[in-house]
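Subject: Structure for you to look at

Hello,

Here is the structure I said I would pass on. My notes follow below it.

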Amino acid sequence: GLFLTDQTGESVYHLNLVGAGVWRLLDGECGLDEAKTLLHSAFPDVSTDQIDRDTDRLVQDLVDQGLLIQPEKLETA
């Protein structure tokens, strides 16, 4: 897992192992589509739709909490 704090240091957020993996993938060199592709490969027994929904929800939560800066184009093509 991974713990993140907001800019004020007043809130702490815990990411599970998969969430921490997504966080690390979105390092500025790997985009959201590429991260999803890697997750699809890592978890072949989980439906593509489920991975996409969960990843989109995590990324949006991180953006909403100010923990991830949304690039100009975050959505998938």
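A residue counts as buried under 20% relative accessible area, as exposed over 50%, and as partly exposed in between. By that scale Asp-54 is partly exposed, because its relative accessibility is 33%. Please keep in mind throughout that this is a predicted model.

Overall layout

The chain has three helices and two strands, and from the N terminus the order is β-β-α-α-α. Of its 77 residues, 29% are buried. The accessible surface is about 5400 Å², and carbon and sulfur atoms account for 50% of that. If contacts are taken between residues at least 6 apart in sequence, 36% of them join residues at least 24 apart.

Core

The largest nonpolar core holds 17 residues. Leu-4, Leu-15, Leu-26, Val-59, Leu-62 and Leu-68 have the most contacts inside it. At least two core residues come from each of strand 1 (2-5), helix 1 (17-25), helix 2 and helix 3. Helix 3 gives the largest share, with five residues. In soluble globular proteins, nonpolar side chains tend to be buried together.

Leaving aside residues up to four places away in sequence, Leu-26 touches Gly-31, Leu-32, Ala-35, Val-59 and Leu-68.

Helices 1 and 2

Gly-19, Ala-20 and Val-22 are the buried residues I have for helix 1. Viewed down the axis, the buried residues of helix 1 fall within an arc of 160°, so they line one face of the helix. They pack against strand 1, strand 2 (12-15), helix 2 and helix 3. On the face turned away from the buried side, helix 1 carries Leu-17 and Arg-24, both exposed.

In helix 2, the buried residues are Leu-32, Ala-35, Lys-36 and Leu-39. Their arc around the axis is only 100°, which puts them on the same side of helix 2. These residues pack against helix 1 and helix 3.

Salt bridges

How many salt bridges does a search of the whole structure find? There are two.

One joins the side chains of Lys-36 and Asp-56, at 2.7 Å from N to O. Lys-36 is in helix 2 and Asp-56 in helix 3, 20 residues apart, so this pair links distant parts of the chain. Lys-36 is buried, because its relative accessibility is 5%. Asp-56, at 34%, is partly exposed.

The other joins the side chains of Asp-54 and Arg-57, at 3.6 Å from N to O. Both residues lie in helix 3, three residues apart, which is about one turn of the helix. An α-helix has 3.6 residues a turn, so residues three or four places apart point the same way.

Surface patch

Val-18, Phe-43 and Val-46 make a nonpolar surface patch of about 220 Å². Phe-43 sits in the loop between helix 2 (32-42) and helix 3 (48-64). Its relative accessibility is 35%, so Phe-43 counts as partly exposed.

Regards

Terms used:
Residues are numbered from 1 along each chain as its sequence is written. This is a predicted model: local features need pLDDT of at least 70, side-chain atom pairs count only at pLDDT 80 or more; totals for chains, interfaces and linings use all residues. Side-chain values use heavy atoms; hydrogens and water are left out. Helices (H or I, at least four residues) and strands (E, at least two) are DSSP runs, numbered from the N terminus. Buried means under 20% relative accessible area, exposed over 50%, partly exposed in between (1.4 Å probe, protein chains only). Contact means heavy atoms within 4.5 Å. Accessible areas come from the Shrake-Rupley method with a 1.4 Å probe; for residues, only the protein chains shown count as cover. Patches are made of residues with over 30% relative accessible area and no salt bridge: like charges are joined within 9 Å, nonpolar side chains (Val, Leu, Ile, Met, Phe, Trp, Tyr) within 5 Å. A salt bridge is a side-chain nitrogen of Lys or Arg within 4 Å of a carboxyl oxygen of Asp or Glu. A nonpolar core is a set of buried Ala, Val, Leu, Ile, Met, Phe, Trp, Tyr and Cys residues joined through side-chain atoms within 4.5 Å. The arc is that of the directions from the helix axis to the C-beta atoms.
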